[in-house]
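Subject: Structure handover

Hello,

Here is the structure I promised to pass on. Please open it first, then read my notes below.

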Amino acid sequence: MVLSFSTIAARRYGYGLKPGEQPAPDIDALMLQVERGTKAKPRFPQEGIMGRRETLARLVSVRAVEAKAAKDGRPNPDLRRETQRDADRLLAGDARARIVQAVSSENGFYERLASFWLDHFSVSARKSYVMRMMVPLYEAEALRPHLSGAFSDLLRAAILHPAMLIYLDQNRSLGPQSPAAAKRGGGLNENLGRELLELHTMGVGSGYSQADVQAAALILTGLAVDNRTFEVAYRPQRAEPGAQTLLGKTYGARGRSADDHLEMLADLAARPETARYICSKLVRHFVADSPPEDVVNAMVAAWAESGGNLSAVYRAMLEQKRSFADEPGKVIPPFDYVVSGLRAFGLDADDMEALLKGSDQPEQTEAMAMGMASGMAMPAKKKPIQAGATGTKLTVLALRRMGQPVWLPPSPAGFPDASDAWLSASQLTERIGWARLAARTLGSTLQPVDFLTAALGDAASDNTRRVISQAPSKVHGLTMVLVSPEFNRR
Amino acid sequence: MVKPDSLLLSRRGFLASACCAAALPVLTPVSFAAMPGDNRFITIILRGAMDGLDLVQPYADPVFRSLRPTLALTAEDGLLDLDGFFGLHPAAAPLMPLWQAKELSFVHATSTPYRDERSHFDGQDILETGSTDDKALRTGWLNRALALIPRSASRKAIDINTSMELILSGPNEADVWSTQSDFALAADELRFLQRLYTGDAGFEKALAEAVQTDLAADGIYNGGKRGAAIADMAKLTGGLLRADYRVASFSLNGWDTHVNQKSQFRQMARDLSTAIIGLKESLGPQAWATTVVVAMTEFGRTARQNGTGGTDHGTGGVAILAGGGVAGGRVLGQWPGLSEDQLFENRDLMPTSDLRELAAAMLYRQFDITPTNLTAKVFPGLSFDKSSVYLRA
């Protein structure tokens, strides 16, 4: 079975085929998706970037006032609870919007890259009240606009965003010999310094030492996040005085300044270990768990030649034969499964909104979420989508059950990427449950064999085609398309 | 499009009868518009092609045993004699009290007009649209029937399913009750998944492990839990029909018994019995007395059993009639015989009646829909009038 370029492009470098959407016919078309996606405004944060900053400032301010009143013996638990609910609701709404974004975007390769970098520069909304609202903002303003340009720009934007500084405790880190430490205690936190080397740039075991980790952490001291405006600034009184040596280079020899950490980031971005680590990670994510050396080498060469331009690196990856080889591939993670499943039903943004309408009620427990709807079949092609709890069950709740809740990675290392991480008895059970619900809710006018073609193009095996055509009911036929090995691998 | 009025439901009726966990109070009550002694009508769609020859076995037919050496049963195996010619599968024993009380009948050698292709998808579509062979028809016969019921209070219909099924889809208003719990996979569905994963070791292993370790928290693989879920659903349906609804439909999957039919059919027959008994119990004697249940399937199965202990897709099969509104205790239909020249295409039980005539007769009897409307609008292409055999008391 030889798959066409378009099928592989849509599935391996996008979120799958979608009826009515033309899949990319060649590499240029895929790269155009990256270009267009970079310029497009994402659907989250819901109020937009400026609006979210205002919301954040307002809610934090309300909380601060309440906290002070509480300290003075006049607490207002209702108000406090309400601000918590507001934050949770905003996060839930943005999470839904992220799914709608991926389902409705025509720039699949760009969306996949956004997810890749979100995972690479992982932060978690679980960290704190503020982070509930800040993480979607982080993805929208730090990552998405920079993922097609220079890696050094992306690195700087990600590391210096308040979300990252809060997540990895840089906002609490003080140079042990700094004036601030002397005055009020506290000291160094190595979290960001370590992850910067281990996860974000060079990669674990690439030749840095514990001394380097500490040096990085010390160079980062001084960075502070204002806890009202969330502006990031360099505050000299928090910085560790004196020069630091990281990987053989000295920083701050003529006195400490904000230039130190900026220089460090630029140097790390330029290191060959970084190029190799990032390129390997890209290949491991998109192509195969054991990244083929020739593909990585070509990308590293493109990195060097372009001065670390990520678009050049992506193109180099796509140009390798192995990148389009038709071999049984990696199992797709839950986000990709749900998104590509919804796309296969041809849902556009309006359909998704209709499906999710009414989902912004306070999160109901499963026992209470009940769907009761009047179903009216139109003689025309499109059926009205039923709103309510089903929308939540098919989106954010499903991702939670499958172990990949939006913006809630288990650690700074992000979600597991290895193929077998997402193929287990419980995962398969969840996917079958999801597929049945989706088939029943969204598939009432579809014929299973047509749906197979819409979802998989020429990627369906003869066995799969035969089994589905013989299914004992249409619902089960549609279900089996979604849980077929071909749909779950790329 | 969601119509707010139609969402309002009286919960008191079936809450009082302590319905299942699946039904939780959410909506506001509405006053009863209908009379307690009203007629009710329920369709059960048996998806997967139910083997009528296994459920209602023609044990006295001279050829039967030779066609089905291991599937044909005797009195010793527990086959329950019905009328000296046919016997009921032992797993359906819970239905015998209904048979004896004349609240249960079977129609044998019946089918829709669908012929030859034996596709589940097309067969079920035709079963639900009530057409002769028209794939363009996209509304359900039961939906079309609603507008023709003279008494408006009798038109309230509900589909107990995650979303509206074809049989109740159409221009007339019908509601959907989305059950909270997901049913366990039916045996045939599970078998199909196993076939789907042949050749992918990772998926084969994951499925096998899931079934084995019985991830039954959701009951997705657990047959026992499936029975309980079916009982719950029947209880829920009965409750809704005691309240405002007069027409209801739901489906039972799992009938596609290509392999190892003996054990799979036993489970299915048990589930069907559970569903019908559950309806009777939750409707209560007064409502049950004027209720008709029709259980139908897209087509029957081959007269001969195959090489894997099962049967393949056929044509003629069995429909089940239950309820106090039924003239029960009979196996209806004209038995064509099972010899080679009597079979359809030397393979299937020959259908000697149109299944739609049975449905039309029941709609006529329960709701006074005129024969003209039944043949023109509900079942296009059907001939039906008051002389129908199904109307004789």
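A word on terms before we start: helices here are DSSP runs of H or I with at least four residues, numbered from the N terminus. The model itself is predicted.

**A valine in chain A**

Start with A:Val396. Its place is in helix α19 of chain A, which covers residues 396–402. Is A:Val396 buried or exposed? Buried means under 20% relative accessible area. A:Val396 has 11% relative accessibility, so it counts as buried. In sequence, A:Val396 and A:Arg98 are 298 residues apart. In space, their C-alpha atoms are 9.8 Å apart.

**Helix α21 of chain A**

Next, look at α21(A), residues 448–456. Its buried residues are A:Pro448, A:Phe451, A:Leu452, A:Ala455 and A:Leu456. What do they pack against? In chain A, the partners are α1 (5–12), α16 (334–344), α22 (462–469), α23 (474–483) and α24 (485–488). Just after α21(A) comes A:Gly457, with a positive phi of about 60°.

The crossing of α22(A) and α8(B) is right-handed. Which residues make the contact? From α22(A) come A:Asn463, A:Thr464, A:Arg466, A:Val467 and A:Ile468. From α8(B) come B:Phe192, B:Arg195 and B:Leu196.

**A sheet in chain B**

Chain B has an open sheet of three strands. Their order is β2-β4-β3, and the pairing is antiparallel. The edges are β2 (56–57) and β3 (80–81) of chain B. Each has a single partner strand, so one side of each is left without a neighbour in the sheet. β3(B) pairs with β4(B), residues 87–88, over two bridges. At one position, B:Asp81 has B:Gly87 of β4(B) as its bridge partner.

**Backbone points in the loops**

- A:Pro45: a cis peptide bond joins it to A:Phe44, with omega at about -10°. A:Pro45 is in the loop between α2 (27–39) and α3 (48–71) of chain A.
- B:Ala49: phi is near 75°, a positive value in a residue other than glycine. The loop here runs between β1 (40–47) and α3 (52–55) of chain B. B:Ala49 is buried, with a relative accessible area of 0%.
- B:Asn346: phi is near 50°, again positive in a residue other than glycine. B:Asn346 is in the loop between β11 (331–332) and β12 (353–354) of chain B. At 34% relative accessibility, B:Asn346 counts as partly exposed.

Best wishes

Terms used:
Residues numbered from 1 in each chain as written. Chains lettered and ligands numbered in written order. Predicted model: local features only at pLDDT ≥ 70, side-chain atom pairs only at ≥ 80, totals over all residues. Heavy atoms only, no water. Buried < 20%, exposed > 50% of the residue type's maximum accessible area, 1.4 Å probe, protein only. Contact = heavy atoms within 4.5 Å. Pairing = 2+ DSSP bridges. Left-handed = near helix turned anticlockwise from the far one by under 90°.
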